[in-house]
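Keep the sequence and the structure side by side.

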Amino acid sequence: MELSHKVMQIQPSATLKISAQAKQMLADGVDVINLGIGEPDFQTPANIKQAAIESINNGQASFYTPATGLPALKQAISDRIEADHHYHFDPSQIVVTNGAKLALFTLFQVVINPGDEVLLPVPYWVSYSEQVKLASGIPVEVGTDRQLRFTVADLEAQRTAKTKALVLNSPQNPSGLVFSRAELTAILDWATQHDILVIADEIYEKLLYNGNQFTSVLELGAAYMDHVVLINGVSKAYSMTGWRIGYAAGPKAIMAKMGVVLGHASSNPAAVSQYAAIEAFSGDQSSVETMRQGFEQRLNELYPLIESLPGFKLPAGKPAGAFYLFPDITEALRLTGYTAAPAFCTAVLSEAHVGLVPGEAFGLPGHLRLSYATDLASLRQAYQRIHEFMNKKI
Ligand code: PLP
């Protein structure tokens with residue numbers, strides 16, 4: 001049977017693919033260290049689990065909730081945003097979804113008409129481009145410099161009459177880059193002037209290291225907010241990837257239509273997860289800082305090791321946020337004779353048993369991404385294995 005032309009253009013998620021391979025190898029008895037997936041290894045904090053258990057035991061979790069989320073959860077999200085960024089969203093401007101991934105997917109369905117273009121500065125998270133295509137849009141890459149930064153001139157170079165939106169991910173997956181207030185202001189001035197929607201994916205906002213500061217687009221002032229949709233969720237900050245709660249917040253007209261789409265596509269995200277998320281956003285926040293410190297220690301230990309590998313370069317220096325390193329391995333490829341990052345990553349997985357994701361998945365060949373959201377002992381061992389692999393090949 002002929003399948004949809006749209007779906008035939010879509011690549012499987014490279015990070016999920018590497019993980020599946022690594023898991024299969026583990027099941028086959030191979031001792032794999034998977035640095036391929038962006039998933040905190042910490043347990044969900046106990047107070048959050050307890051709130052979920054209570055919602056099951058008192059019967060609240062047994063039923064459908066409104067498709068766009070429980071009013072109490074929207075209120076908790078609104079309060080959290082107000083406390084953190086001093087910006088007020090009315091709960092009617094918030095849509096809760098089955099992970100931030102579905103918030104993005106639904107948003108693209110709502111704002112894109114066939115042929116509309118969405119700007120994606122490289123490198124970008126794997127799913128943006130595929131979700132844009134699934135909405136009949138066209139992903140347009142925006143070039144960046146060696147430090148992976150871009151300017152308004154780079155955006156302007158790609159702007160056409162069809163440009164509808166720009167995805168701004170800070171702290172960024174895969175590079176850990178964080179945009180400064182001045183950069184954000186320039187970008188939002190440009191977007192507002194040209195009536196382009198800024199999709200601000202701030203899911204790593206709590207994960208900043210070594211004194212680096214995060215500025216949310218929400219802090220730039222209400223004048224921009226007609227052109228901003230915020231994407232966020234509980235997966236990374238509260239170590240809740242399995243619970244699947246994300247959200248979008250923005251202009252009422254867009255949110256209302258997202259509600260219509262979700263009403264047909266998914267209905268509400270699991271009620272039990274929503275009760276857990278209320279506690280995540282409104283309960284004790286100290287576990288967020290404890291986990292952040294854990295990531296910081298890992299970054300500070302792993303960064304010099306990865307930088308010391310032959311042919312691995314990080315021209316932007318130590319990342320400010322998220323939990324990934326994204327080295328340029330052009331020189332490592334030359335030294336080892338591999339033609340490109342996918343072949344290199346496949347060889348590292350099968351010979352050194354370390355899962356890594358090639359930069360092609362993020363629109364930037366000649367790089368790879370490794371996640372340090374795993375324990376220090378595994379990270380040290382992964383480094384040793386890559387080091388030995390390189391020594392063998394050179
Ligand atoms: N946005 C970015 C940049 C991500 O890295 C991820 C997860 O890896 C997500 C969104 C989606 O997160 P979730 O669907 O778990 O909320």
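Start at the ligand. It is surrounded by 13 residues, the closest being Gly-99, Ala-100, Lys-101, Gly-233 and Ser-235. A residue counts as near a molecule or strand if its C-beta atom, placed from the backbone, lies within 6 Å of it. The shell holds 3 nonpolar, 8 polar and 2 charged residues. Here Ala, Val, Leu, Ile, Met, Phe, Trp, Tyr, Cys and Pro are nonpolar, Asp, Glu, Lys and Arg are charged, and the others, Gly among them, are polar.

The model is predicted: local features need pLDDT of at least 70, side-chain atom pairs count only at pLDDT 80 or more, and totals for chains, interfaces and linings use all residues. Residues are numbered from 1 along each chain as its sequence is written.

Now the sheet. It is open and mixed, with 7 strands in the order β2-β8-β7-β6-β5-β3-β4. β2 (94–97) and β4 (138–142) are the edge strands; each has a single partner, so one side of each lacks a neighbour in the sheet. On average, neighbouring strands are turned by 20 degrees against each other, direction ignored. Strands are DSSP runs of E, at least two residues; helices are runs of H or I, at least four; both are numbered from the N terminus. Pairing requires at least two DSSP bridges between two strands.

Look inside the sheet. β3 (residues 117–121) runs parallel to β5 (residues 163–169), paired over 3 bridges. Leu-119 has Leu-166 in β5 as its bridge partner.

Helix α4 (residues 71–85) packs on this sheet, touching β2 and β8 (246–249). Contact means C-beta atoms, placed from the backbone, within 7 Å. The direction of α4 makes about 115 degrees with that of β2. Axes are lines fitted to C-alpha atoms, for helices over the stretch in contact, with angles from 0 to 180 degrees between N-to-C directions.

Methods. Two residues are in contact if their C-beta atoms, placed from the backbone, lie within 7 Å.
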